Amino acid sequence: MRSFIGKTRSPGLNRSHLMSGIVSLSSPISLRLCAISARSLRCCAISCGRIVRMAAAATEGHAASFERMAVKPPSHPTYDLKGVIKLALAEDAGDRVLGDVTCMATIPADMEVEAHFLAKEDGVVAGIALAEMVFHEVDPSLTVDWSKKDGEHIHKGLQFGRVSGRAYSVVVAERVVLNFMQRMSGIATLTKAMADAAHPARILETRKTAPVLRLVDKWAVLIGGGKNHRMGLFDMVMIKDNHISIAGGVTNAIRSVDMYLKQRNLQMEVEVETRTLKEVKEVLNYASETNTSLTRIMLDNMVIPLSNGDVDVSMLQEAVGLIDGKFETEASGNVTLETVHKIGQTGVTYISSGALTHSVKALDISLKIDTDLALEVGRRTKRA
């Protein structure tokens, strides 16, 4: 642990700068992300025990490429990730004039420190790249080093990263960085466990994400080894039970979608939800007689929970057999870490689980300046 108490530095960012925007972003998200400086995600080769340097300082005229990121964020045509970060910081700092009153009262303006990221439980780390963006937004002069990258395992007691620079900036960014990283790491940890258990089926999340954090939640799923379902209502046709009820049946619903896409010369994936074997047969019958745009059949709640805690997947297996590879299949309902392996053995292409994002347990991560004391307390409380 290093602390640069009282060390002076040349005039730089002040409190008003911390609360203002540093880099503007444009749509789509892939272009927005490129607006972050090249140095903000500079990543050296990673090897066991080697520190990876990712400097947060801006480099004029150099747009960062996210090609070197461990896992790039999913694409979205309107999502403003930079805006979400700014909102999170503004939510925490509140009053633009007062700012962080505790820091203003206790931290000398010229003090510099080094703080360390400390894992308090085992899991898959996620949000490292996003943390870089937050630090950059608060203070481009901060420097961050990592010994891990997004998607890698961390264990309780591990120091896996550090940030150094202006003490005020480090503490202002701390909670927002940790809120993102803890949530994302929790999602990635569960996703990794379920993805491994589900093999050869692939794990998908759903739209049951935290409002305004959808891209962040879905990014964490990718980091954990899952695959993204549709981002929203715009990028895939998904015919669900209410659409079917309103259309007057599953055949009518698919026919309407086929006509709609053809009239507008649109090409995109089309999924239909089925709840019974009768509906599966109806879909297959329609597809055998029509040139349909259908690409995937959801098999909803065909996993039956049993009183002994096990599940009966015979109905799901029969449905997969009926479809016989003509379309992708997706199992949904009663998916847990305990049931996902059995579901994955039925031959389904995908397994979707809302629990990945709607019931996430945050992974315990902290950022400490006095790491010796933090570890001492952690050992006392069995968290290090």
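Before anything else, a definition: helices are DSSP runs of H or I with at least four residues, strands are runs of E with at least two, and both are numbered from the N terminus. For packing, axes are lines fitted to C-alpha atoms, for helices over the stretch in contact, and angles run from 0 to 180 degrees between N-to-C directions.

What you have on the screen is a predicted model, in which local features need pLDDT of at least 70 and side-chain atom pairs count only at pLDDT 80 or more, while totals for chains, interfaces and linings use all residues. Residues are numbered from 1 along each chain as its sequence is written, and side-chain values use heavy atoms, with hydrogens and water left out.

First, the overall picture. The protein has 14 helices and 16 strands. Of its 384 residues, 50% count as buried; buried means under 20% relative accessible area, exposed means over 50%, and partly exposed is in between, with a 1.4 Å probe and protein chains only. Among the contacts with a separation of 6 or more, 77% join residues 24 or more positions apart. Contact here means heavy atoms within 4.5 Å.

Now to one pair of helices. H6 covers residues 167-198 and H7 covers residues 214-223; their axes come within 8 Å and cross at roughly 45 degrees. The two are therefore oblique to each other. On that scale, angles under 35 degrees are roughly parallel, over 145 roughly antiparallel, 65 to 115 roughly perpendicular, and the rest oblique.

Which residues of H6 and H7 meet? From H6 they are Phe180, Arg183, Met184, Ile187, Ala188 and Thr191, and from H7 they are Val216, Asp217, Trp219, Ala220, Val221 and Ile223. By type, this contact has nine nonpolar residues, one polar and two charged. Nonpolar covers Ala, Val, Leu, Ile, Met, Phe, Trp, Tyr, Cys and Pro; charged covers Asp, Glu, Lys and Arg; the others, Gly among them, are polar.

Staying with H7, eight of its ten residues are buried, so this helix is largely enclosed by the rest of the structure. The buried ones are Leu215, Val216, Asp217, Lys218, Trp219, Ala220, Val221 and Ile223. After H7 comes Gly225, with a positive phi near 100 degrees.

Next, the cores. In soluble globular proteins, nonpolar side chains tend to be buried together. A nonpolar core is a set of buried Ala, Val, Leu, Ile, Met, Phe, Trp, Tyr and Cys residues joined through side-chain atoms within 4.5 Å. The largest one holds 58 residues, and those touching the most other members are Phe117, Leu130, Phe135, Phe160, Phe180, Met181 and Trp219. Elements giving two or more residues to this core include helix H3 (81-93), strand S3 (112-119), helix H5 (128-138) and strand S7 (159-166). H6 gives the most, with 13 residues. A second, separate core has 41 residues, including Leu277, Met302, Leu316 and Ile351.

What does Phe160 touch, beyond its neighbours within four places in sequence? Its contacts include Phe117, Leu118, Val125, Trp146, Ile154, Met181 and Ile365.

Val250, Thr251, Ile254, Arg255 and Asp258 of H9 make the contact with Glu279, Glu282, Val283 and Tyr286 of H10. These residues divide into four nonpolar, one polar and four charged. The crossing of H9 and H10 is right-handed.

In helix H8 (residues 241-247) we find Ile244. Is Ile244 buried or exposed? At 4% relative accessibility, Ile244 counts as buried. Its C-alpha is 8.9 Å from that of Val272, which is 28 residues away in sequence.

Last, some backbone details. The peptide bond from His199 to Pro200 is cis, with omega near 15 degrees, and Pro200 lies in the loop between H6 and strand S8 (202-204). Val212, in the loop between S8 and H7, has a positive phi near 75 degrees and counts as exposed at 56% relative accessibility. Asn334 has a positive phi near 60 degrees, and is partly exposed, at 35% relative accessible area.

Methods: A crossing is left-handed if the near helix is turned anticlockwise from the far one by less than a right angle, and right-handed if clockwise.
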